[in-house]
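Grab the model in your viewer and work through the exercises below. Each one sets a task and then walks through a solution.

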Amino acid sequence: MSFEEDIRAASDVIRDSEEVTIISHIDADGISSEAILALALSREGIRVTTRFVRQIDPLTLDQIPSDSSLKIFSDFGSGQQEMLKEKGLDPGRTIILDHHVSQPAESGDGGDFIEVNCLKHGFEKMSAAGVSYFLALDLDSVNTDLAKLALIGNIGDMMDREHLRLIGPARDILRDGIREGSVELWEHDLNIYGISTRPLPQSVAYSDDLDIPGVSRDPDGAARFLERIGISPLSGNRWPVWEDLSFDQKQAVSSAIIEQMVAHGKDTARLFSDHYLFPGEDRHQASLRNASEFATLLNSCGRWQRPELGGAICRGDRVVAYREAEQMLRNHRSKIREVMLYITDTGVTELSHLLYIHVGGRFPDTIVGIGAGMALSRLNPEKPILIMCEDSLDPSMTKISMRTRPEVVSRGVDLQQALARACELHEGCSGGGHRIAAGAFIPHELEHAFIEDVNRIIAQQYAETCPYHS
Ligand SMILES: [Mn+2]
């Protein structure tokens, strides 16, 4: 069946239902995906209840009511079909909307869930929010106003990072958003994060993708660099954000950065990327004014066990939920900074093909991966980083998070595959994710062997991509 036919099969079942339970993931993609589904289904007069969970496992599956409602799993489920079957979910009354690698039961028993997975149709650069959006559109073409939420989910899952723009069906969602008026595309703009909230020197200094001599990882150097081109703090000594600059000022900054990079022989291939702006959002609520910062806000809600707060913001709450989420975002940022500083101060252990560190129970396991990603740009960005911590739900288990950079992925490294392969070698391990960021849960006592395996598998990945590499 084609992607469209899979969508149609799912929407037919939904139309015939009076009551739906959505089970969604707690990250930005899961939260926006849930909001798209809940809004679209409510518009059809369907009663919706939602459960947000961190991952699908026997424990979280117990939270799902065993009533007659249609169950929709979003942002997971494809890889857990056997478990869903074991838990007694009726395949004919269960829809899976996912974009992760599908693992139907080997017996062929259990692969009969109603599944819409864009990855199966070759759409690698679309997330669950994208799948949910196309489903919403199939229910009613009026749902194009949900395009904005779909973009947030896609950006939250970094679907734009490899090509520095959205491609494929995600690009069609973007077109809907622009046509509908809620989205503005800034094409081929400077590849920095925080264009609506971050003081410019910070934004330019901490771009993951740019290596600008004298500027990168040095906000003071970045400030001096900007002042030389005539960009200076506004009144009250506050630096403008990228969004505040005029077209000419942006041109001046971009040219100066190119000049500086070229003069030092740096690769400028990742200098520009697309930005997705939301002009309808208030400037005083700047973290909602572009897709990547909006996604960060949703992620922080999920990571601090308040996904429903993110859900309320997706549904339009700009007062109570927004205020609380902003507070959470501030806390989120300072905690991630603590993780990052802990990693850089403590130092990592370096193996031939990865860096690793164990942070024990010092930090919430929901943010260590992000902290590791931030630390990576200050360590040896050539190698992926693997961070371990205690699993908050089960202290006998270790949670593993891995992060790397787009250049490393383009050389053949696939973290999702590396962790999945290592999990196959040991009992009681489970893992998943994406090429650039992935995670796993393993029994505490396997840590050492597991890391050695991951290191060896990554070495193999390099060898497979570049067989003559010495
Ligand atoms: Mn996702």
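In which strand does H188 lie? H188 lies in strand β6, residues 184-190; helices (H or I, at least four residues) and strands (E, at least two) are DSSP runs, numbered from the N terminus.

Two ground rules before going on. Residues are numbered from 1 along each chain as its sequence is written. This is a predicted model, so local features need pLDDT of at least 70 and side-chain atom pairs count only at pLDDT 80 or more, while totals for chains, interfaces and linings use all residues.

**Exercise 1. Look into the positive phi values of H188 and M158.**

Step 1: start with H188. Its phi is near 55°, a positive value in a residue other than glycine.

Step 2: check how open the spot is. A residue is buried if 20 or more other C-beta atoms lie within 10 Å of its own, exposed if 12 or fewer, and partly exposed in between, with C-beta atoms placed from the backbone. H188 has 14 other C-beta atoms within 10 Å, so it's partly exposed.

Step 3: move to M158. This residue isn't a glycine either, yet its phi is positive at about 60°. M158 sits in the loop between α6 (147-156) and α7 (169-180), and because it has 18 C-beta neighbours inside 10 Å, it counts as partly exposed.

**Exercise 2. Compare the end-to-end spans of α10 and α11 with what you'd expect.**

Step 1: set up the expectation. The expected span of a helix is 1.5 Å times one less than its number of residues.

Step 2: apply it to α10 (residues 247-263). Its 17 residues reach 24 Å from first C-alpha to last, close to the expected 24 Å. After α10 comes G265, with a positive phi near 70°.

Step 3: do α11 (residues 291-303). The 13 residues should span 18 Å at 1.5 Å a residue, and the end C-alpha atoms are 18 Å apart, which agrees.

Step 4: ask about the surroundings. 13 of the 13 residues of α11 are buried, so the helix is largely enclosed by the rest of the structure. Just after α11, Q305 takes a positive phi of about 60°.

**Exercise 3. Trace the unit built from β1, α2 and β2.**

Step 1: pair the strands; two strands pair if DSSP finds at least two bridges between them. Strands β1 (residues 19-25) and β2 (residues 47-53) run parallel and are joined by seven bridges.

Step 2: Together, β1, α2 and β2 make a right-handed β-α-β unit. Right-handed means that, with the strands pointing away from the viewer, the path from the first strand over the helix to the second runs clockwise.

**Exercise 4. Work out the strand order of the six-stranded open sheet and inspect its β12 end.**

Step 1: write the order. It goes β8-β9-β10-β11-β13-β12, with mixed pairing. The edges are β8 (349-350) and β12 (430-433), each with a single partner strand, so one side of each has no neighbour in the sheet.

Step 2: follow the hairpin. Three residues link β12 to β13, and four bridges join β12 to β13 (residues 437-443) in an antiparallel run. In β13, A440 is the bridge partner of G431 and A438 is that of G433.

Step 3: go to the other partner listed beside β13. Strand β11 (residues 397-403) pairs antiparallel with β13 over seven bridges, and M397 stands opposite P443. Six of the seven residues of β13 are buried, so this strand is largely enclosed by the rest of the structure.

**Exercise 5. Describe the surroundings of C429.**

Step 1: list contacts, meaning C-beta atoms, placed from the backbone, within 7 Å. Not counting residues up to four places away in sequence, C429 touches C423, A440, F441, I442 and L446.

Step 2: pick out I442. C429 and I442 are 13 residues apart in sequence and 4.5 Å apart in space, C-alpha to C-alpha.

Note on methods. Contact = placed C-beta atoms within 7 Å.
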